[in-house]
Amino acid sequence: MASFVGFLKRIKAMNNPPRVPLSTESAPIKFGILGAANIAPSALILPARSHAEVEIYAVAARNLEKAQAFAAKHGIEKAYGGPTAYQQLMIFPSAELLDDPRVVAVYNPLPNGLHYEWTMKALSAGKHVLLEKPSADTAAETREMFEYAEQKGLVLLEAFHYRFHPAVQRVKEILSSGELGAIKHVEARMAIFRGLMKDDDIRFNYELGGGAMMDMGCYTMNCLRYMTGSEPTSVTSATPDLFPSKTQSPSLVDGGMTAELSFPNDVTGSLFCHLRHPPSYFIVPKMPELLFKAECEGGELKLFNFVLPTAYHYIEVTTKTGQDGKGRKKRIEKVYKPAQDGWPGEDWWSTYRYQLEAFVNKVKGRTPQTWLAADDAVANMEAIEKVYEKSGLGVRPASKFKLPVL
Ligand SMILES: NC(=O)C1=CN([C@@H]2O[C@H](COP(=O)(O)OP(=O)(O)OC[C@H]3O[C@@H](n4cnc5c(N)ncnc54)[C@H](OP(=O)(O)O)[C@@H]3O)[C@@H](O)[C@H]2O)C=CC1
Ligand SMILES: O=C1OC[C@@H](O)[C@H](O)[C@H]1O
């Protein structure tokens with residue numbers, strides 16, 4: 001009962017976070033959002049409310065009314081709209097989002113296939129970028145974006161928000177502590193049932209970098225790599241469940257993907273992701289899946305809900321031999337707040353709120369509690385490419401955009 005009440009309280013506070021006044025001592029970072037994206041409220045606008053150094057200042061959408069409605073709904077001062085809203089074209093006189101000198105950081109939640117183009121443009125305009133996952137369509141694009149950010153002295157973060165949550169970090173700590181011995185096998189699963197996502201969702205659009213492996217698969221791959229602390233040496237099998245495209249035959253879009261991987265030191269990995277998991281017995285919707293599991297020499301560990309642990313999660317640790325040397329022992333841990341003194345966090349902080357804390361610290365030149373470096377983003381994309389190559393679908397089409405050399 002207490003845990004159910006706790007769940008309700010966390011959900012309520014996460015969705016209605018307290019509004020803190022903007023800092024008068026440290027200039028708030030003014031964010032501009034590219035696209036009135038569905039994910040923007042959860043991933044940035046709500047988390048920003050409880051951060052004194054963040055102001056969601058501008059939004060740009062391809063349609064002015066949409067931009068204005070979004071701005072009005074979320075209390076955003078500036079709305080840019082129309083075909084040049086994301087950035088001014090030379091022939092148009094009005095300055096738009098990326099040309100607005102007040103915008104310090106850009107949140108890029110555009111479809112995957114547009115991540116590279118608009119991140120490069122944002123960096124070129126001198127903005128820090130919080131970039132949605134997966135970082136781009138290809139590893140080469142990812143590398144280029146991070147190299148460019150480095151060259152410009154700007155912060156670029158691929159928004160793998162789950163990595164900032166204390167529960168996920170606790171799992172990593174347990175696995176690294178040696179308590180369970182060497183990891184032998186890891187598995188990550190993320191799936192939702194068919195019907196939840198419409199067929200015209202950006203996630204099923206090949207040209208926009210669609211596919212389950214890009215969307216949910218990027219988390220599963222990231223999680224396997226993070227928890228093992230290594231890169232897959234090979235993809236031993238990759239089986240797509242094709243999305244029945246009306247415009248592409250044969251379809252190159254995976255509605256779901258199952259892959260088997262090899263990691264160094266004889267560690268094996270499995271991943272499963274599905275955006276339209278078919279019902280059981282043709283009619284019974286399957287439960288959503290959000291699981292990370294590690295089988296180790298001395299026991300096993302399960303983390304239920306590794307992607308959105310704030311709502312609810314549990315870490316189940318089973319040791320083969322207890323400390324007295326006998327039998328199996330099982331314990332459950334739940335970690336909603338950082339264990340280490342000095343790091344801020346509330347049990348209702350979403351993964352996105354923890355991520356925003358780190359992003360702001362980085363922009364402000366402070367050391368974040370944790371971070372995802374450029375190499376991590378590139379390696380994740382390389383591993384996704386390996387899965388697509390093995391599956392026969394091939395990597396997603398690279399962007400045609402090239403940053404003009406001035
Ligand atoms: N971190 C997380 O938990 C999550 C991350 N994501 C990631 O965020 C990104 C966006 O996802 P989501 O918010 O669901 O996406 P939406 O379907 O809301 O699309 C995002 C925006 O893309 C813009 N857009 C630009 N060009 C196109 C085009 N050709 N077709 C469709 N839209 C276009 C639209 O902007 P406009 O308003 O200008 O029309 C739209 O608002 C993806 O990369 C996804 O992987 C998504 C969900 C969760
Ligand atoms: O967190 C998420 O959950 C649902 C997905 O489709 C989305 O893109 C992802 O980021």
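Residues are classed here as nonpolar (Ala, Val, Leu, Ile, Met, Phe, Trp, Tyr, Cys and Pro), charged (Asp, Glu, Lys and Arg) or polar (the others, Gly among them). The structure described is a predicted model. On this classification, the shell around ligand 1 consists of twelve nonpolar, four polar and five charged residues. In total, 21 residues surround ligand 1, and the closest of them are Gly35, Ala37, Asn38, Ile39 and Ala61. Both domains take part in this shell, with at least three residues drawn from each of domain 1 (2–160) and domain 2 (162–348 + 375–391).

The domain assignment divides the protein chain into domain 1, covering 2–160, and domain 2, covering 162–348 + 375–391. Taken over C-alpha atoms, the centres of domain 1 and domain 2 are separated by 26 Å. Contact between the two involves 20 residues of domain 1 and 20 residues of domain 2. On the side of domain 1 that touches domain 2, the elements giving two or more residues are α1 (2–15), α4 (112–124) and α5 (139–152). Helix α1 provides the largest share of that side, five residues. The side of domain 1 that touches domain 2 comprises ten nonpolar, five polar and five charged residues.

Helix packing was examined next. Two packed helices are described by the angle between their axes and the distance between the axes. For α5 and helix α10 (residues 374–391), the angle is about 170° and the axes lie 8 Å apart. Angles over 145 degrees count as roughly antiparallel, and α5 and α10 are therefore roughly antiparallel to each other. On the α5 side, the contact consists of Ala139, Thr142, Arg143 and Phe146, which meet Ala374, Ala377, Val378, Met381, Glu382 and Glu385 of α10. The contact of α5 with α10 has six nonpolar, one polar and three charged residues.

Helix α5 also packs with α4; the axes of α4 and α5 come within 10 Å and cross at roughly 10°. Angles under 35 degrees count as roughly parallel, so α4 and α5 are roughly parallel to each other. From α4, the contact takes in Tyr116, Thr119, Met120 and Leu123, and from α5 it takes in Glu141, Met145, Tyr148, Ala149 and Lys152. By class, the contact of α4 with α5 has six nonpolar, one polar and two charged residues.

A further helix pair is formed by α2 (residues 40–49) and α9 (residues 351–363), whose axes come within 8 Å and cross at roughly 65°. The range from 65 to 115 degrees counts as roughly perpendicular, and α2 and α9 are therefore roughly perpendicular to each other. The crossing in which α2 passes α9 is right-handed. Ser42, Ala43, Leu44, Pro47 and Ala48 of α2 make this contact with Tyr352, Arg353 and Leu356 of α9. The contact of α2 with α9 includes six nonpolar residues, together with one polar and one charged residue.

Several backbone features were also identified. Most residues other than glycine have a negative phi, and most peptide bonds are trans. The peptide bond from Lys133 to Pro134 is cis, with omega near -15°. Pro134 is placed in the loop between β5 (128–131) and α5. A cis peptide bond also runs from Ser249 to Pro250, with omega near -5°. The loop that holds Pro250 is between β8 (234–242) and β9 (254–263). Phe282, a residue other than glycine, has a positive phi, near 70°. Phe282 is in the loop between β10 (267–277) and β11 (289–296).

Conventions:
Residues are numbered from 1 along each chain as its sequence is written. Chains are lettered from A and ligands numbered from 1 in the order in which they are written. This is a predicted model: local features need pLDDT of at least 70, side-chain atom pairs count only at pLDDT 80 or more; totals for chains, interfaces and linings use all residues. Axes are lines fitted to C-alpha atoms, for helices over the stretch in contact, and angles run from 0 to 180 degrees between N-to-C directions. Helices (H or I, at least four residues) and strands (E, at least two) are DSSP runs, numbered from the N terminus. A crossing is left-handed if the near helix is turned anticlockwise from the far one by less than a right angle, and right-handed if clockwise. Two residues are in contact if their C-beta atoms, placed from the backbone, lie within 7 Å. Domain bounds come from an automatic or database domain assignment. A residue is near a molecule or strand if its C-beta atom, placed from the backbone, lies within 6 Å of it.
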